[in-house]
Amino acid sequence: MAVAEQASARGFAYTTLTAEELALREEVRAFIKAELPVGGYRPCLGMSADHDPEFTRKMAARGWVGMSIPTRYGGPAHTAVDRFIVVEEMLKAGAPVGAHWVADRQSAPTILRFGTEEQRERFLPAIARGELWFSIGMSEPDAGSDLAAVRTTATRTDGGWLLNGTKIWTSNAHQNHWFIVLCRSSPNEGDRHEGLSQLLVPLRGTEGLEINPIKFLDGSHHFNEVVMTDVFVPDEDVLGEIGRGWQQVNSELAYERAGPDRFLSVYSTFEQLLREQVAQGELSAKAFEAFGRITARYWALRNLSLSISRTIDQGGAPAVEAAIVKDLGTTFEQEMIGLLHDLWGEEPSLDAATLGNQLLAACVLTGPSFTLRGGTNEILRTVASKGLAAWYGVNR
Amino acid sequence: MTVVPDALLVETLTRLFTQTCGHEVIQQAETDGWAEVVWEPLAATGAPWVGVPESVGGSGGTLADAIAVQRLVGRFAVPLPVAETGLLGGWLAGAAGIALPDGPLTVVPQRPNDRLSIDGGVLNGVAHRVPWAARSSLILALVGDEIIAVEPGAAGVGMDVVRNLAGEPRETVRFDGTPIAHRAAAPAGVDAIALRQRGALCRSAQIAGALERIAELTVEYANQRTQFGQKIARFQAVAQHLVRIASETRLVGMALDGTVAAFGGGDATFEVASLKSLAGESGSDVTTRAHQVHGAIGMTQEFVLHQLSRRVWSWREEFGSTAWWRQGLGQLVADVGADGLWPLVSEGSASLLPA
């Protein structure tokens, strides 16, 4: 029992913000109030935010892009909690953070961790200035949740590697500058997790690289297919160690798992619908119940997510906890759409007369992706379940 | 305010409950309505009165300590009025200047169909679902602006035996010209709302503790039970349940810690409402999944799961149901409106204070 008691105390230590962190939050709130006034701005849905170079540059000027980058690489050297604060305030407001999103969340930390000194100096200052934007180069037509199945190959050539293969669902490849390609650098012989590598590849003006749009179900364009035919990647653009791609990519995925982006996609819609419904007066008991249910979960989820950032700052690596937050958060925000839809009672339409209904329509259309992006929840739970026995001190 | 309890207290009570509050004892308590073999050593440690100031005869300690006691009560399915004696009854008694008796206390939880009135110095009316009323040294109640205490054996007291889903006593108590043993004006901050908030906090802590144990039991069982030639934990469909159980359990634990922290700041209106509605929602989800994973064995009296799950099903109803708290919270959300929503989510009740 004593062992179980200790085990169950693991992970998720409640934490609050320090005075300095609260001051940062006030600064972010003031910025948002000035830049994105309520009523004068159409909010985006969480992390699938508009690509707005101007906004990104303004954020960068405040030190809010590439937040984890140390000062010696031109970054603001913020903590994970600081980044949590900036990100939650931005996503809550539906800010257009799309241009720097991936670079800030995962590319910069990955380059910092695995990159050479030359790569750090080449990429990190430009990311922190808000001028260098990244896409993710992981998924392939035959490698979705099963990432180790990637077929893109890197074959040795004079002074570098030749890349051949196709990446898919590459968000904003047509607008960003670089992506980090996960590829097979030696044949699959036995352990599929061996022989994978990560290469830094420019998306613009690269010979042999073709970007084809994949229209989202509503006709919008964020996704792309990136086809690479004998794309030459010089040795200096190899990220980390050849053959260590699997370990590196898992570390990269951990960065993207548990942040506020995993539960705030529908927040701006909820806030707008609340604004409109309160203005109309006369709310039903059913409406109150839904508002209460949603708000309670937001509060608890936010505290879980915040505690993970704090743990990371204290040197922890809360992998199971991060998977749990992603699962809880994305499942919740998806369910919320149904709850709000039931309450609204009006058919959602992108052309509706009210902003709330337009946003709800956008949620209905994008909602199914919440539990897919970054790895499906089913796979995530299967991975997390392997850590549970240790959590509870049970022999597997 | 700290949310971390005294480690020695947790260790001592864990040992005490492990030794005294086993399956048979809990089962026997369903027949007897009491478990003296647990109460006697528990009372000797002073644990039921943790969180009640020493100045009024309690054991002192922080709110985090007192909540840790409730969490352990849930974890071990302790069939005794621990919350009622300290955080609820001891709190009311202390506020009224009533010396704490050695025995257990209970409180009238104020159900909507209760009718209590003081007429010419005596108590009349009916109170429902009063926990362990017959076994208590005193029954405490808020009547209007007053705190009163009556002895369960006093003249004009009648009781109907009612049990909750876990087989614990929740008597209907009738008062007919019952003499009032103590009465005092309730001080500021002691009212029906405060009592309900405290009750909800206690029941949520008990649910949190029970869910933690249910999660452990279920992960353990799924890693022992073999079907189709392998441990059932290896089936993806089962593994999905296990992760959801662990997740919802942690969510309630986090909400509990956040509420304890807010209580330290004075007002926890938002946090308690969120906590109790989450504890009810997650409690329902976790117990459903845990029973599903356990299969038929979980439906037997012999197996421990029901001693926890039936308490969760009872506690989620008390001091405000899930729906009741959600509606109250939703009303608060509508009151603060769209501009107050994010401050509420990110700062809690502190955002409700005038700037």
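Analyst: Happy to! Two strands pair if DSSP finds at least two bridges between them. Helices (H or I, at least four residues) and strands (E, at least two) are themselves DSSP runs, numbered from the N terminus. Please keep in mind that this is a predicted model, where local features need pLDDT of at least 70 and side-chain atom pairs count only at pLDDT 80 or more, while totals for chains, interfaces and linings use all residues. Residues are numbered from 1 along each chain as its sequence is written, and chains are lettered from A and ligands numbered from 1 in the order in which they are written.

Let's start with the mixed sheet. In chain B, four strands form an open sheet in the order β1-β4-β5-β8, and their pairing is mixed. At its edges are β1 (105-107) and β8 (182-185) of chain B, each pairing on one side only. From one strand to the next, the twist averages 20°; axes here are lines fitted to C-alpha atoms, for helices over the stretch in contact, and angles run from 0 to 180 degrees between N-to-C directions. β1(B) runs parallel to β4 (residues 138-143) of chain B, and three bridges join them. Within this pair, B:Leu105 stands opposite B:Leu138 in β4(B). Helix α5 (residues 82-96) of chain B packs on the sheet and touches β1, β4, β5 (146-150) and β8 of chain B. The direction of α5(B) makes about 85° with that of β1(B). Contact means that the C-beta atoms of two residues, placed from the backbone, lie within 7 Å.

Now the antiparallel sheet. Four strands of chain B form this open sheet, in the order β2-β3-β7-β6. β2 (115-119) and β6 (157-160) of chain B stand at the edges with a single partner strand each, so one side of each has no neighbour in the sheet. Neighbouring strands of this sheet are turned by 20° against each other on average, direction ignored. β2(B) pairs with β3 (residues 122-131) of chain B in the antiparallel sense over five bridges, and B:Arg115 stands opposite B:Val126 in β3(B).

Finally, the partner chain. The contact takes 45 residues from chain B and 46 residues from chain A. On the chain B side, the helices that each supply at least two residues include α1 (7-20), α6 (192-222) and α10 (322-347). The largest share of that side, 17 residues, comes from α10(B).
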